[in-house]
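Please look over the structure below before reading the points that follow.

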Amino acid sequence: SMKATDVVSTLERYIISAGIDLKKNSPVHSVEILNNPSNCFLIKFGDNREVISKNVIVATGGMSYQSTGSSGDGYLFAKHLGHKISTCFPSLTALLPKKYREEYYGISLKNVSVHLVVNGDVIQEEFGDLDFTNGGIEGPIGFKVSRKGVFNVMNGQKVELRLDLKPA
């Protein structure tokens, strides 16, 4: 069907048919390990409910779209449970250059090349389609260079995007 809702419904039916208690739309406040012989988990919900479980799967998503429930809580739960958390930063995201102008919104380029330049050195080159949106530079090749671009900006490097509109 190519619909995300059908995937969710199918997974829910499978989980319930396996006899697993599924809690939906129930924000979790904390996950703790109980120091008893069975090392069970204590899951505390925002509505003061508590559940003890032998197993826990933290599948909260990242922290990119809080409106979808992806608030980053999973990182806090994992860290509290003793996992090492690497620095998180946006990936597969729009790049927003300085002096980006509204006149660019809606422009789509086909078969162009993008060079990601850090401190004067080309560190990545991509060929394909590029879109200018109200969020910034996106599209397949924009997203491909975004991870390295954001990483280097966060680390104080000078980052440039060079566009070749006719690489052939």
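1. Asn48 is exposed, with a relative accessible area of 73% (exposed means over 50%, buried under 20%, and partly exposed in between, with a 1.4 Å probe and protein chains only). Asn48 is placed in the loop between S2 and S3. Here helices (H or I, at least four residues) and strands (E, at least two) are DSSP runs, numbered from the N terminus. Asn48 is not a glycine, yet its phi is positive, at about 70°.

2. A word on the source: this is a predicted model, in which local features need pLDDT of at least 70 and side-chain atom pairs count only at pLDDT 80 or more, while totals for chains, interfaces and linings use all residues. Residues are numbered from 1 along each chain as its sequence is written, and side-chain values use heavy atoms, with hydrogens and water left out.

3. Met2 also has a positive phi, of about 60°, although it is not a glycine. Met2 is found in the segment before H1. With a relative accessible area of 86%, Met2 is exposed.

4. Side chains of opposite charge can pair when their charged atoms come close. The rule used here calls for a side-chain nitrogen of Lys or Arg within 4 Å of a carboxyl oxygen of Asp or Glu. By this rule there are eight salt bridges. One of them joins the side chains of Arg101 and Glu103, at 2.6 Å from N to O. Arg101 is partly exposed at 45% relative accessibility, and Glu103 is exposed at 53%.

5. Which side chain meets that of Lys110 in a salt bridge? The partner is Asp129, at 3.8 Å from N to O. The pair links distant parts of the chain, with Lys110 in strand S4 (residues 108-118) and Asp129 in strand S5 (residues 121-133), 19 residues apart. Lys110 is exposed, with a relative accessible area of 54%, whereas Asp129 counts as partly exposed at 25%.

6. Glu126 and Lys144 form a salt bridge in which the closest N and O atoms are 3.9 Å apart. Glu126 lies in strand S5 and Lys144 in helix H3, so this pair ties together parts that are 18 residues apart in sequence. Is Glu126 buried or exposed? At 18% relative accessibility, Glu126 counts as buried. Lys144, at 47%, counts as partly exposed. Elsewhere, Lys158, Glu160 and Arg162 are linked in a network of salt bridges.

7. Rolling a probe the size of a water molecule over the atoms shows where empty space is left. A pocket is found on a 1 Å grid over the protein atoms alone, as an open set of points where a 1.4 Å probe fits, with protein on both sides within 12 Å along at least five of seven lines; lining residues have an atom within 4 Å of a point. Grid points are joined across faces, edges and corners, and a volume is the space filled by probe spheres set on the points.

8. The largest pocket holds about 1,400 Å³ of space. It is lined by 34 residues, and those closest to its centre are Leu22, Lys23, Val28, Ile57 and Ala59. Helix H1 (4-17), strand S1 (28-33), strand S2 (41-45), strand S3 (50-53) and helix H2 (73-80) each supply at least two lining residues. H1 gives the largest share, four residues. The lining divides into 17 nonpolar, twelve polar and five charged residues (Ala, Val, Leu, Ile, Met, Phe, Trp, Tyr, Cys and Pro count as nonpolar, Asp, Glu, Lys and Arg as charged, and the others, Gly among them, as polar).

9. The second largest pocket holds about 420 Å³ of space. Of its 14 lining residues, Leu96, Pro97, Lys98, Val153 and Val159 lie nearest its centre. Helix H3 (139-154) and strand S7 (159-164) are the elements that give two or more residues to this lining. Nine of the lining residues are nonpolar, two polar and three charged.

10. Phe89 is placed in the loop between H2 and S4 and is buried, with a relative accessible area of 19%. Phe89 and Ser64 are 25 residues apart in sequence, and their C-alpha atoms are 9.1 Å apart in space.
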